[in-house]
Amino acid sequence: MKEKIKTCLAVCVLVLTIPYIVTILFQGDKTSPEPEKVEKILEKDSEETQKDGNQEMNVEEYLVGVVAKEIPLDYQTEAIKAQTVIARTALVMALETKGELPVSMSREEMLKLWGQEGFEENYRTLEGAVEATKGEILCYQKEPIHAAFHAVSAGSTRSAAEALQTKEEPYLASVDSKIDIPSVDYLKVIFMEKKEFLQKIKEICPKLETEEKEVLEKVEIIQRDKADYVTQIKVGEEIITGEEFRKNLELNSACFYIKEVEGQVRILTKGLGHGLGLSQYGANELAKEGKDYREILQYYYQEIQIEKKKR
C-alpha cells in the first residue's frame, strides 16, 4: 500500500513540474524585466502636470511622455535626441506663454502600450535622450522658436513665409529633403466615388452647387508653394487653403494632385504631415549617415541656436 502511495505522489510531482521543465527547455535563460524594476519606475516621484503655487512642472520628467507620443522609438538615437530638443522647446514656450502643453503619456499608459517586456527598454531610451540633451532648446534671436515638425516631407520642407504668410519665422525655411522619398509614407493614392467627394467638399463649401458628374470641374488648384504643397484651391466660387482641404478630406498632406480616373476621383499625395520644420523620416536618415542631433536640427531649422534653458 505504501509503495502505491509513493508511486502516486511521484506521478503528481512529475505532472506538476513538466510545464516548468518544458518552459526552461524552450525559453532558455531569456526572462522578462524584473517586475520590481518596472514598479520602481512607476513609483518614481514626479510632477508631470503643471501645478499652481510654488511647485513647478518637472520639465525633464514630463518630456519623456511627450517624446514617447511624437516619434517611433525604433528610430536612430540621434533622431530621438533631436525630437527631444524640439519637444522641450515647445514645452518651455507653452509654460512661458501659458499656452497649451504638449500632450504627454503617463507611465501607466506606456506600460499598457508596450507591455512589461518593452516598457523598461523604451523608457530607458527616452530617459537617455532627455538626459543627453538636458535643458537644451531651439532659439532664434534668444527666443524659443516654433519648432514645427512632421513625419515625412514631399521631397523638401516648406517655407513658413509661403505656407503661413508670415515673416516672423524665418528659421522655418524650405530645405531639400529628398532622403524622404524611400519612405513608405512618401506616396499615397486614394480613390473616391464622385458622390462621396462632393459630400466632403460641401462640408467646407456648403454654397457649392453642382452635379456629381461635374464636381471636378468646380475644383481648381490655383496656387502652390515652392515645395509643391497646395496653398490655395478654388471650390465653386470659394477659395480655401490647401490645409483646410487636406484636413477635411483626411489626406496625408497638402501636397496633393486631383484627377478623374475611370469615373472616380483619384487623389495622389506626397509626404505625411504639414511639411514645416523638421522631417522625422529625414532626421532618421541623416542620423544613419552619422549626423548628430545638433547637426540634424541646424539643417532643418535655419540660423537657430541650441541653448540651455534652466527651469
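**Exercise 1. Which residues have the most contacts inside the largest nonpolar core, and how many residues does this core have?**

This is a predicted model, in which local features need pLDDT of at least 70 and side-chain atom pairs count only at pLDDT 80 or more, while totals for chains, interfaces and linings use all residues. Residues are numbered from 1 along each chain as its sequence is written, and side-chain values use heavy atoms, with hydrogens and water left out.

Step 1. A nonpolar core is a set of buried Ala, Val, Leu, Ile, Met, Phe, Trp, Tyr and Cys residues joined through side-chain atoms within 4.5 Å, where buried means under 20% relative accessible area, exposed over 50% and partly exposed in between, with a 1.4 Å probe and protein chains only.

Step 2. The largest such core has 48 residues, and those with the most contacts inside it are L138, I145, L278, I296, L297 and Y301. Two or more residues of this core come from each of α3 (59–70), α4 (77–97), α5 (107–132), β1 (136–140), α9 (280–288) and α10 (293–300), with α4 giving the largest share, eight residues. Helices (H or I, at least four residues) and strands (E, at least two) are DSSP runs, numbered from the N terminus.

Step 3. Contact means heavy atoms within 4.5 Å; leaving aside neighbours within four places in sequence, L138 touches, among others, V85, I86, I145, L297 and Y301. Apart from this core lies another, of 24 residues, among them V219, V230, I233 and F256.

**Exercise 2. Why is α9 described as largely enclosed by the rest of the structure?**

Step 1. Eight of the nine residues of α9 are buried, so the helix is largely enclosed by the rest of the structure. The buried residues are Q280, Y281, G282, A283, N284, E285, L286 and A287.

Step 2. Their cover includes α3, α4, β3, β10 (278–279) and α10. After α9 comes G290, which has a positive phi, near 105°.

**Exercise 3. What is the strand order of the open sheet of three strands, and which strands stand at its edges?**

Step 1. The order is β5-β6-β7, with antiparallel pairing; two strands pair if DSSP finds at least two bridges between them. β5 and β7 (238–241) stand at the edges, each with a single partner strand, so one side of each is left without a neighbour in the sheet.

Step 2. The twist averages 25° from one strand to the next, and four bridges join β6 (residues 230–235) to β7. Q232 has T241 in β7 as its bridge partner.

Step 3. Helix α8 (residues 242–249) lies across β6 and β7, running at about 80° to β7; axes are lines fitted to C-alpha atoms, for helices over the stretch in contact, and angles run from 0 to 180 degrees between N-to-C directions.

**Exercise 4. Is T210 buried or exposed, and where does it lie?**

T210 lies in the loop between α7 (194–204) and β5 (219–224), and its relative accessible area of 15% makes it buried. Beyond its neighbours within four places in sequence, T210 is in contact with L198, V215 and K218.

**Exercise 5. Over which residues does pLDDT stay under 50?**

Step 1. pLDDT is the predictor's confidence in each residue, from 0 to 100; the chain averages 84, and 81% of the residues score at least 70.

Step 2. The value stays under 50 over residues 4–43, and is also below 50 over residues 45–55. Where pLDDT is low, the predicted coordinates should not be read in detail.
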